Amino acid sequence: MLEIQNLYKQFGSIIAVNDLNLSIRVGEIVVLMGPSGCGKSTTIRTINRLIEPDRGTILLDTANVLTMGPDELSKVRKRIGFVFQHFNLIGRLNTLENVMLGLVMGGVSRDIARERALEALTKVGMEQYLTQTPAQLSGGQQQRVGIARALAYEPELMLWDEPTASLDPILVREVLVVMEELARYRASTMIVVTHELPFALRVADRIVLMDKGRIVEEGKPSEVFVQPASEIGRKYKELIEYQMNTSAQSLARST
Ligand SMILES: Nc1ncnc2c1ncn2[C@@H]1O[C@H](COP(=O)(O)OP(=O)(O)OP(=O)(O)O)[C@@H](O)[C@H]1O
């Protein structure tokens, strides 16, 4: 469904994405990982042109997103849901209004927008909080509203840009549970940028590892994290082993 070819983006002297090629199949759950600054966010932000790359091709089905005019691009953006690290909710609107807003502005009638917003909020377990404003919600709840806002478009492709990165650790789980549920039902193709290793291990069909603007390795979690072929892959394998060992030792000590 998505084919990224020779994608390149430079910010001043920094090459953020360096001739990257990536192909995603319909319904696939792809987790994009790699060290901080390796170009993950820049890559997924170019897909709906939140960032304009310097060159490359991004084919959504057969149409090149990068050469589209404004009308065609706005239609494509409705097919792509985007969940941000910072939830970007509007402070003076309540939960329901935040989810309805984009739909109504995109020309959907208020009745249909309400119906779709309610459905999306139910999927993320936020149907009890329709009248609260963002300030009255926890970070995890705000992010679930952010997810519902993306789901309300019934997108074919969901892009997740570190959706748990700005959450308190104890709130991370509730967002990951929602994400896992969505992945399990395969309502859409998903590309997830995250540092959450357990999520990646459990949910990804394919792990894509990046370093310095390039893809250095890709494959199933059982391939990439068990028999890594790259330096970055080996570091993740060591990290997983370290986390497993230290958890086991701590548990043994506390019993
Ligand atoms: N708007 C910008 N202006 C200047 N440099 C930028 C800009 N956006 C990103 N960069 C730089 O481009 C490189 C890639 O950034 P990017 O945010 O894509 O990395 P990332 O892998 O998502 O990192 P992280 O995991 O820390 O979010 C980094 O060196 C970053 O500092």
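View 1. Residues are numbered from 1 along each chain as its sequence is written. Because the model is predicted, local features need pLDDT of at least 70 and side-chain atom pairs count only at pLDDT 80 or more, whereas totals for chains, interfaces and linings use all residues. Helices (H or I, at least four residues) and strands (E, at least two) are DSSP runs, numbered from the N terminus.

View 2. H1 is mostly covered, with seven of its eight residues buried. A residue is buried if 20 or more other C-beta atoms lie within 10 Å of its own, exposed if 12 or fewer, and partly exposed in between, with C-beta atoms placed from the backbone. The buried residues of H1 are Lys-40, Thr-42, Thr-43, Ile-44, Arg-45, Thr-46 and Ile-47. Just after H1, Arg-49 takes a positive phi of about 60°.

**View 3. The four-stranded antiparallel sheet.** An open sheet of four strands has the order S2-S1-S4-S5, with antiparallel pairing. S2 and S5 stand at the edges, each with a single partner strand, so one side of each has no neighbour in the sheet. Two strands pair if DSSP finds at least two bridges between them. S1 is joined to S2 by eight bridges, and Tyr-8 stands opposite Asn-18 in S2. Strand S1 (residues 2-11) is also joined to strand S4 (residues 55-60), by five bridges; here Glu-3 has Leu-59 as its bridge partner in S4. Two bridges connect S4 to strand S5 (residues 63-64), where Leu-60 is partnered by Ala-63. The hairpin of S4 and S5 has two residues between the strands, and Asp-61 takes a positive phi near 55° in this hairpin.

**View 4. The six-stranded mixed sheet.** Six strands form an open sheet in the order S6-S7-S8-S3-S9-S10, and the pairing is mixed. Its edge strands, S6 (80-83) and S10 (214-219), each pair on one side only. On average, neighbouring strands of this sheet are turned by 15° against each other, direction ignored. Strands of a sheet pair through backbone hydrogen bonds, either parallel or antiparallel. S6 and strand S7 (residues 157-161) pair in the parallel sense over four bridges, and Phe-82 has Leu-159 in S7 as its bridge partner. Helix H5 (residues 139-151) lies across S6 and S7, running at about 170° to S6. Axes are lines fitted to C-alpha atoms, for helices over the stretch in contact, and angles run from 0 to 180 degrees between N-to-C directions.

**View 5. The largest nonpolar core.** This core holds 69 residues, of which Val-30, Leu-32, Val-99, Ala-117, Ala-148 and Leu-159 touch the most other members. Helix H6 (residues 169-185) gives the most to the core, with six residues. A nonpolar core is a set of buried Ala, Val, Leu, Ile, Met, Phe, Trp, Tyr and Cys residues joined through C-beta atoms within 7 Å. Val-99 is placed in helix H3 (residues 95-105); Val-99 is buried because 30 other C-beta atoms lie within 10 Å. Leaving aside neighbours within four places in sequence, Val-99 is in contact with Ala-117, Ala-120, Leu-121, Val-145, Ala-148, Arg-149 and Ala-152. Two residues are in contact if their C-beta atoms, placed from the backbone, lie within 7 Å.

**View 6. Asp-168 in its loop.** Asp-168 is found in the loop between S7 and H6. Asp-168 is exposed because 10 other C-beta atoms lie within 10 Å. The C-alpha atoms of Asp-168 and Arg-184 are 25 Å apart, with 16 residues separating the two along the chain.

**View 7. Helix H9 and its packing.** Helix H9 (residues 231-254) has 24 residues and reaches 34 Å from its first C-alpha to its last, close to the expected 34 Å. The expected span of a helix is 1.5 Å times one less than its number of residues. The buried residues of H9 are Ile-232, Gly-233 and Tyr-236, and they pack against strand S9 (206-211), S10 and helix H8 (221-224).
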